[in-house]
Amino acid sequence: MMENQRIETDSLGERSLPTDALFGIHSLRGAENFRYTGETLANYPHWVRWLAWTKLAIAQVNAQNGKVTAEQNKAIETACTELAAGEHTGAFIVDALEGACGTSINMNVNEVVANRALQLMGHRPGQYQFLDPLDHVAYAQSTSDVLLTATKLTLFEDVSALKDTVGKLAVSLRAKQRQYEHVLRVARTCLQDCVPMRLGQAFGGYASLAERIVASLEAHLNSLSTIPIGGTVVGTGLGTYPGYGTAVVAALSKRAGRSLFPSVDLFDAIQNMDEFAALSATIKTAALSLGKVANDFVLLNSGPRAGLNELCMAPQQAGSSMMPGKVNPVHAMGLTQAAYFAAGMDQSVMLAASNGQLETNNYMPLIAVSLFKGIQAFNAAVSAFDKHCVQTLIVNEETCVTHLIESTAIAPALKHELGYKRASELVEKARSSGRTSMQVAMDEGVMSRDQLINRLRESSVPPV
């Protein structure tokens, strides 16, 4: 054996590893086989944390039932605690998008926990006669139930964080609704002048959307609190023992600080990925909906001289290497871009969820990674949009009113008094003469300027 190397053996033969490596032969083969994304399990620390905590809870239950010794349990607990705290990340060498249903991910965690536990027990990595990654760390487990459990618990935290972020955006939009409730503007449909409205009403519509998104995200938290631990490979619970699943769920509930529940049908929970698909669809819909709001901000911020220039967002960075002074609405465009990214991740989840075969889904790593990435990007973009676009937003009130007065939007407001034909005549005269519709109405004695402004203001208030 080479100096500073150890030999490990599996059913395929022997491999040489660094003496002190916390990963083992199964991790090594997984790393060699799957080099897809350039990312490893270490790039998903929140996932690692719940994988480690799941292993910790199982070790505690196994120790209480005499399946591992007190010494082994203590070492496993400490090792898992270190992993959950972000230590030993260099030992996670398997690509998170591995092609083995998650087996290589689970193996990597098992081996890192086992080898770190061996060090804590005073042994060297690889001395598995004292504590084995499969016989001890993975006792009463399968990749199927462990990976699904850890993924759900991770997503609960991610979705909760996103819900809070969108909730803060809703609060900011409501604040803008109150701040600019009095500002008249022209509503636009098909990007054409439409009717008078108030800017606060537009912000109120955006706020209602954000609040509805919060409720839709909240609706998924119950399913993410129902976990299939104890089902092992396909739901039969092969390799467990009476009371095991209930005890692990209780231990994980304590760790999570909230109530968790065992899956009612373990076979269903391991076979079918519809809960993840439904969550992903909600994320996609939420992202694209807020992306539309961000696009509205980009349009209303256009200019400053040759665009609408009704909204003014705080400048964040230079907007061009060629055009001095140009400033772009980067965080609004960034939210839209993140929305499209989340929509792309949803497509991966849909394909993966629909192509599981028989008792398990081969593509669980893709489902997990796609959801993690989509939620992370969307959450960060919403937070930045709220902070840098909405909260700091200034409305060019004079521009809003000028656009309304110079638009054809006064015609619908006058239609009740004048009739559709007479209001249309005013618009046509305005177009042909180069005057505004308001000027034509004033010149023809329809109403005074103040009367017209009051009529526009009245027309923007819905009837009680």
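S263 sits in the loop between β6 (261-262) and α10 (266-271). Helices (H or I, at least four residues) and strands (E, at least two) are DSSP runs, numbered from the N terminus. The model is predicted: local features need pLDDT of at least 70, side-chain atom pairs count only at pLDDT 80 or more, and totals for chains, interfaces and linings use all residues. Residues are numbered from 1 along each chain as its sequence is written, and side-chain values use heavy atoms, with hydrogens and water left out.

S263 is buried, at a relative accessible area of 11%. Buried means under 20% relative accessible area, exposed over 50% and partly exposed in between (1.4 Å probe, protein chains only). Residues up to four places away in sequence aside, S263 touches T226, I227, P228 and A269. Contact here means heavy atoms within 4.5 Å.

L335 belongs to helix α12 (residues 330-354). L335 is also buried, with a relative accessible area of 0%. Beyond its neighbours within four places in sequence, L335 contacts L290, A294, F378, A381, V382 and F385. P262 lies 73 residues from L335 along the chain, and their C-alpha atoms are separated by 37 Å.

The protein chain holds 18 helices and eight strands. Of its 464 residues, 49% are buried. Among contacts with a separation of 6 or more, 72% join residues 24 or more positions apart. The C-alpha atoms fill a box of roughly 100 × 50 × 35 Å, taken along the principal axes.
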